[in-house]
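I wanted to look up a few strands, a helix and a pocket, and jot down what turned up.

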Amino acid sequence: MFMFVGVCDKFLSHEDETKEFARFLGQVLNAGDVLLLKGDIGAGKSLFARSLIQSLQDTPEDVPSPTFTLVQTYQTRIGEVWHSDLYRLQSIYEVEELGLWEAFESAICLVEWPELIMHEAPETALLLDFQPHETQTGRSVGISACTQSWAARLKGLVC
């Protein structure tokens, strides 16, 4: 078992800053990167994921929430992106059926509601903990990782 350690915290005052943060983070992603998107309903996870995916597409397309489909995949200029939502899942075995473990090895994976897999996620995963702000349009994002490699990749870009 591993432990996430804070890399930095970021305050995003409105939706446009959330979209910009997603675009910046998209610039440092590689195949095999896993982003765990944690936070309550309405905290900004889906907005962030949609913005990140669209920033990687040559022609941005509609990016619906995978709440009901559980997984949506996208071809981008830097490789395949998996966007998953584990909110409705009850068991780690249901995650296995999605093929997510294999995707962790070769695709960029964005996982909303990752609590079910926190102890099974790759040690190289980046945890983004979205918290709504009292302004209703702003949010705070706690950025944590288990390895120092993320701190170096994010330095000067988003932190």
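This is a predicted model: local features need pLDDT of at least 70, side-chain atom pairs count only at pLDDT 80 or more; totals for chains, interfaces and linings use all residues.

**Strand pairing first**

Residues are numbered from 1 along each chain as its sequence is written, and side-chain values use heavy atoms, with hydrogens and water left out.

Helices (H or I, at least four residues) and strands (E, at least two) are DSSP runs, numbered from the N terminus. I call two strands paired if DSSP finds at least two bridges between them.

S4 (residues 79-85) and S5 (residues 108-112) pair in the parallel sense, over five bridges. With S3 (residues 71-76), S4 pairs in the antiparallel sense over six bridges. S3 and S4 make a hairpin, two residues between them.

How much of S4 is buried (under 20% relative accessible area; exposed is over 50%, partly exposed in between; 1.4 Å probe, protein chains only)? Five of its seven residues are, so I put S4 down as mostly covered.

**Tyr74**

Tyr74 lies in S3, and its bridge partner in S4 is Val81. I have Tyr74 down as buried because its relative accessibility is 4%. Leaving out residues up to four places away in sequence, Tyr74 has contacts (heavy atoms within 4.5 Å) with residues including Ile53, Gln57, Pro64, Val81 and His83. I also checked Asp33: 41 residues from Tyr74 in sequence, 15 Å away C-alpha to C-alpha.

**Helix H1**

H1 (residues 15-26) has 12 residues and should span 16 Å at 1.5 Å a residue; its end C-alpha atoms are 17 Å apart, which agrees. The expected span is 1.5 Å times one less than the number of residues.

Which residues of H1 are buried? I found Thr18, Phe21, Ala22, Leu25 and Gly26. They cover an arc of only 135° around the axis, so they sit on the same side of H1; the arc is that of the directions from the helix axis to the C-beta atoms. Among the elements covering them are S1 (5-12), H2 (45-56) and S7 (139-145).

**Largest pocket**

The largest pocket is lined by 13 residues, with Ile41, Gly42, Lys45, Ser46 and Trp113 nearest its centre. H2 gives the most to that lining, with three residues.

A pocket here is an open set of points on a 1 Å grid over the protein atoms alone, where a 1.4 Å probe fits, with protein on both sides within 12 Å along at least five of seven lines; lining residues have an atom within 4 Å of a point.
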